[in-house]
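Dear colleague,

I am handing over the structure below, followed by notes on what was found in it. Please read the notes with the structure open beside them.

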Amino acid sequence: MGIRENIRHLLSQLPDNVILLAATKSRTVDEIREAIDAGIRVIGENYVQEAAKKYEVLGKVVEWHLIGHLQRNKVKKAVRIFDVIETVDSEKIAAEINKRCSEINKIMPVMIEINSGKEPQKAGVYPEEALKLAEYIVSCKHLKLIGVMTMGPVVKNPEDIRPYFRLTREIFEKLKRELPECEIKYLSMGMTDTWKIAVEEGANIVRIGTGIFGPRKTKHNML
Ligand SMILES: *Cc1c(COP(=O)(O)O)cnc(C)c1O
């Protein structure tokens, strides 16, 4: 099936309240345009450099989400491109985003990335640290906390990811409860093999790459 058919099929299965984010790392501008033509309104990029090249060509035609780990030295560029940063996982990176946004008078909607499998080598805050980071984000004038995202561990059987999605949902609900002054709305979880489970566990953003564009040939492929 082609990009258009894949998107149509996914949209027909997704509940209306769930946003289909196209994960576009390694995809060409032409492929992304095809996805936009087929109804994609939100794209997710992993690398700031790769996104910058595509952004020069595509511009603001869709909502741009950063879904990969953000390094401090890339923040200045990232805040100019992205409409949402889904992967805030430390006070240090939050502070840098806040600082760079204050320089351009922007309020950045951000999400906290949860390391729901507590894997030391992976990005994201541990579940028990999420509230403290959320409170810090709320104290930053140029940040607006809008949600929570997780990857979860790599599993053989998609069903095995359910506990990690459920845990992330619990954190999402807790942050909403503890910080009622924020409008925390988004729960971003689920990829090609796991999006159905994610939706069952409350996700309202699913991030799909392979299921839209087919297998990735290379990690980076830019334009
Ligand atoms: C690549 C990627 C996805 C999409 O993965 P697929 O298995 O290709 O659907 C989702 N989220 C993040 C953070 C990614 O890097």
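Leaving out residues up to four places away in sequence, Lys74 touches Val48 and Gln49, where contact means heavy atoms within 4.5 Å. Lys74 lies in the loop between strand S3 (63-66) and helix H4 (75-81); helices (H or I, at least four residues) and strands (E, at least two) are DSSP runs, numbered from the N terminus. With a relative accessible area of 22%, Lys74 is partly exposed, on a scale where buried means under 20%, exposed means over 50% and partly exposed is in between (1.4 Å probe, protein chains only). The C-alpha atoms of Lys74 and Ile97, which are 23 residues apart along the chain, are separated by 9.8 Å.

**Basis of the values**

This is a predicted model, in which local features need pLDDT of at least 70 and side-chain atom pairs count only at pLDDT 80 or more, while totals for chains, interfaces and linings use all residues. Residues are numbered from 1 along each chain as its sequence is written, and side-chain values use heavy atoms, with hydrogens and water left out.

**The ligand site**

Which residues surround the ligand? They are Ala23, Lys25, Asn46, Ile67, Met151, Met191, Thr192, Arg207, Ile208, Gly209, Thr210 and Arg216, a residue being listed if one of its heavy atoms lies within 4 Å of the ligand. For the polar contacts described here, the criterion is a pair of N or O atoms within 3.5 Å; within protein, one must be able to donate a hydrogen and the other to accept it, and residues adjacent in sequence count only if both atoms are side-chain atoms. An oxygen atom of the ligand is 2.7 Å from an N or O atom in the side chain of Asn46, and an oxygen atom of the ligand is 2.5 Å from an N or O atom in the side chain of Thr210. The backbone also takes part, with a polar backbone atom of Gly209 at 2.8 Å from an oxygen atom of the ligand. Taken alone the ligand exposes 390 Å², of which the protein buries 91%; these accessible areas come from the Shrake-Rupley method with a 1.4 Å probe, and for residues only the protein chains shown count as cover.

**S8, S1 and H1**

Arg207 and Ile208, both among the residues around the ligand, belong to strand S8 (205-208), from which Ile205 and Arg207 point one way and Val206 and Ile208 the other way, all of them buried. S8 pairs with S1 in the parallel sense over four bridges, pairing being assigned if DSSP finds at least two bridges between two strands. In this pairing Leu20 stands opposite Val206.

Helix H1 (residues 3-13) has Ile3, Asn6, Ile7 and Leu10 as its buried residues. They are on the same side of H1 because they cover an arc of only 95 degrees around the axis, the arc being that of the directions from the helix axis to the C-beta atoms. These residues pack against strand S1 (19-23), helix H2 (29-37), helix H8 (195-200), S8 and helix H9 (210-213), whereas the face of H1 turned away from its buried side carries the exposed residues Arg8 and Ser12.

In the loop between S1 and H2 is Ser26, which is buried at a relative accessible area of 4% and has a positive phi of about 70 degrees although it is not a glycine.

Six of the seven residues of S5 are buried, so S5 is largely enclosed by the rest of the structure. S4 and S5 run parallel and are joined by two bridges, and Val88 stands opposite Ile112 in S5.

The loop between strand S5 (108-114) and helix H6 (130-138) holds Asn115, which is buried with a relative accessible area of 3%. The side chain of Asn115 reaches the backbone oxygen of Glu119 at 2.8 Å. Lys118 is also in the loop between S5 and H6, but counts as partly exposed at 39% relative accessibility; its phi is near 50 degrees, a positive value in a residue other than glycine.

In H6 the buried residues are Ala130, Leu131, Leu133, Ala134 and Ile137. Seen down the axis of H6, they fall within an arc of 160 degrees, so they line one face of the helix. Their cover includes strand S4 (84-88), helix H5 (91-103), S5, strand S6 (143-150) and helix H7 (162-178).

With best regards
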